[in-house]
Amino acid sequence: MLVRIIGGHGGVSPGFRATSYLIDGKLLIDAGSVASGIQIAEQTLIDNILISHSHLDHITDLAFLADNCFGQKGRPFEIHTVKEVRETIMTHLLNDKIWPDFTKLPNAANPTLRFNDMEAEKEVEIGDYKVTPVAVNHPGPGHGFIIEKKNSCIVFTQDTGPTDRIWELAKTKKNLKAIFTEVSFPNSLMQVAIDSQHHTPSTMEQEIKKMPADVPIFLGHLKPNFQDQLFKEIDMLGSDRVSVLGSDDTSYVF
């Protein structure tokens, strides 16, 4: 799998894009920056979109993706998420008030966006991939994804605070190649992280102990205003397994 980090940050500012990961150019994880982060010609090649939860920094570019690619694909973007997230997006974003309802445009039979409901821990086949959503500790409600393709498996869980179940399931996967997760706040803002269900370097140090051993860990969702401090505190963990997603538009092959 080729994983492209279109946006890997926990906020938006020049040089910092919100969460959007693109696998093999056609499976998108979250839509925080896909419309602003890649060319429209690349956007039209996306087939399926996984939405982890309904927070704005993970869904905002659904609006602009639909607008950019309207009438150019010949088939809908297939969006996969849990029922609660679908309902929130339809109620508060694609409601013909904040933004047009692209699940009915150009018409209901051939829309620009089409939702497919998922259920936690029920594996679904999406194109070339097997995808298992797993509930994590984050509002929205938040879910991580275990994604498998042939002999490769990757875990994505952004956003989340300390959690357990996704690591239990990840340990059953023999071909796990990488873990993508998050550290949002520095240790000095521990209570903010707890209240918002995010990680600090300190809580991530404990979280790593739950994860499958010897698998590379990529930490994203760093808040732009705390990135320098987070670099220092993550480095102090002294873990050779950990890489920080400090720059957007980078790619990894697994």
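Author: The open sheet has seven strands in the order β8-β5-β4-β3-β2-β1-β16, and its pairing is mixed. Strands are DSSP runs of E of at least two residues, helices are runs of H or I of at least four, and both are numbered from the N terminus; two strands pair if DSSP finds at least two bridges between them. The model is predicted, so local features need pLDDT of at least 70 and side-chain atom pairs count only at pLDDT 80 or more, while totals for chains, interfaces and linings use all residues. Residues are numbered from 1 along each chain as its sequence is written, and side-chain values use heavy atoms, with hydrogens and water left out.

At the edges of the sheet stand β8 (113–118) and β16 (250–253); each has a single partner strand, so one side of each lacks a neighbour in the sheet. From one strand to the next, the twist averages 25 degrees; axes are lines fitted to C-alpha atoms, for helices over the stretch in contact, and angles run from 0 to 180 degrees between N-to-C directions.

Within the sheet, β1 (residues 2–7) pairs with β2 (residues 20–23) in the antiparallel sense over four bridges. There, R4 is placed opposite L22 of β2.

Helix α3 (residues 56–69) lies across β4 (48–50), β5 (77–82) and β8, and runs at about 165 degrees to β5. Helix α4 (residues 83–92) lies across β5 and β8, at about 120 degrees to β5.

Conventions:
Contact = heavy atoms within 4.5 Å.
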